[in-house]
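This briefing concerns the ligand surroundings and the charged side chains of one structure. Please keep the sequence and the model at hand while reading the points grouped below.

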Amino acid sequence: MIEFRNVSKTYPNGVKGLKNINLTIEKGEFIVIVGLSGAGKSTLLRSINRLHEISEGEIMIDNESITAAKGKNLRHIRRDIGMIFQNFNLVKRSTVLRNVLSGRVAYHNTLRTVFGLFPKEDVNLALNALDRVNIVEKAYTRSDQLSGGQQQRVSIARALAQEAKIILADEPVASLDPLTTKQVMDDLKKINQELGITTVVNLHFIDIARQYATRIIGLNAGEVVFDGPVDEATDEK
Ligand code: ADP
Ligand code: ADP
């Protein structure tokens with residue numbers, strides 16, 4: 001589903017964010033990337049959907065090179081990838097439903113969606129997505145009136161409405177308390193299991209990683225230093 005082939009990323013200031021990464025992530029895996037701050041977790045995740053360009057190598061999504069993709073082809077690959085951020089990235093003054101509907105924009109090439117007019121089927125899809133993360137009763141609430149955990153569930157619903165096959169979550173619980181962290185991680189795990197969505201989550205807590213991951217990838221200074229199932233991810237490694 002996701003394949004890194006000899007991927008390196010050097011930032012313009014010379015810092016090497018990733019050093020010759022080779023990885024294959026299969027469909028339906030729930031991967032947690034762990035590592036200290038500065039290890040390269042965010043650089044790795046952002047490389048997958050080309051939020052930034054890599055310096056060397058190639059990244060394949062579903063056997064297609066996103067590295068080489070252009071124009072419409074690139075947009076189609078990106079449409080399959082939902083992104084979840086630490087700070088939720090919602091349009092604060094818009095309703096929850098409008099935020100979730102924004103996941104549908106890539107499916108339309110008419111101006112109507114730019115002005116917020118979506119077909120009924122899209123609205124139903126968005127409401128279903130909200131229902132799946134147990135927050136459909138907030139559909140018509142302004143998103144900045146929700147708690148952090150609720151906002152993060154809205155951003156998960158947006159990825160669902162996008163019909164993403166892959167979800168990339170960059171420190172999705174870093175600004176949440178322990179109870180809310182559990183709710184958000186449970187939701188990510190649930191959609192991974194029920195819908196088979198390949199999920200890659202960056203975390204800096206190994207204990208949460210152990211509870212949820214099917215496989216843990218440890219990064220240090222831009223290199224993979226651990227890659228294996230949860231039961232092998234002991235503290236010594
Ligand atoms: P993590 O997500 O594990 O905290 P990052 O991927 O953010 O790590 O960072 C990896 C390395 O790349 C760090 O040394 C960081 O300082 C550096 N880095 C990240 N973003 C930039 C940038 N835009 N410009 C220069 N260096 C960067
Ligand atoms: P209703 O039709 O349920 O009375 P409104 O038309 O007043 O509700 O819409 C309330 C909110 O629902 C709007 O602010 C918008 O966020 C959202 N909404 C409803 N239908 C659509 C749609 N077809 N496209 C985009 N947003 C919609």
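In this predicted model, the side chain of threonine 95 places an N or O atom 2.8 Å from an oxygen atom of ligand 2. Arginine 98 also contributes through its side chain, where an N or O atom is 3.3 Å from an oxygen atom of ligand 2. The contact of phenylalanine 118 involves the backbone: one of its N or O atoms there lies 3.0 Å from a nitrogen atom of ligand 2. The protein buries 49% of the 540 Å² that ligand 2 exposes when taken alone.

- The shell consists of Thr95, Leu97, Arg98, Leu101, Gly116, Phe118, Val123 and Tyr140.
- Helix α3, which spans residues 96-101, supplies the largest share of this shell, with 3 residues.
- Sorted by class, the shell has 5 nonpolar residues, 2 polar residues and 1 charged residue.

**Surroundings of ligand 1**

- In lysine 41 the side chain is involved, and its N or O atom is 2.9 Å from an oxygen atom of ligand 1.
- Ligand 1 exposes 560 Å² when taken alone, and 61% of that area is buried by the protein.
- The residues around ligand 1 are Tyr11, Asn13, Val15, Leu36, Ser37, Gly38, Ala39, Gly40, Lys41, Ser42 and Thr43.
- By class, this shell divides into 6 polar, 4 nonpolar and 1 charged residues.

**Salt bridges**

- Side chains of opposite charge can pair when their charged atoms come close.
- How many salt bridges does the structure hold? The count is 13.
- One salt bridge joins the side chains of aspartate 170 and arginine 46, with an N to O distance of 3.3 Å.

**Aromatic rings and charges**

- Which residue lies over the face of tyrosine 107? Arginine 104 does, at 4.1 Å from the ring centre.
- The ring of phenylalanine 30 has the charged end of lysine 189 over it, 4.8 Å from the ring centre.
- A pair of aromatic rings is described by the distance of the centres and the angle of the planes.
- With ring centres required to lie within 6.5 Å, the number of aromatic pairs is 0.

Note on methods
Residues numbered from 1 in each chain as written. Chains lettered and ligands numbered in written order. Predicted model: local features only at pLDDT ≥ 70, side-chain atom pairs only at ≥ 80, totals over all residues. Heavy atoms only, no water. Phe/Tyr/Trp six-rings, centres within 6.5 Å; stacked < 30°, edge-to-face > 60°. Lys NZ or Arg CZ within 6 Å of the ring centre and 35° of its normal. Near = heavy atom within 4 Å. Polar contact = N/O pair within 3.5 Å; in protein donor to acceptor, adjacent residues only side chain to side chain. Areas by Shrake-Rupley, 256 points an atom, 1.4 Å probe, with all protein chains shown as cover. Helix = DSSP H or I, 4+ residues; strand = E, 2+ residues; numbered from the N terminus. Nonpolar A, V, L, I, M, F, W, Y, C, P; charged D, E, K, R; others polar. Salt bridge = Lys/Arg side-chain N within 4 Å of Asp/Glu carboxyl O.
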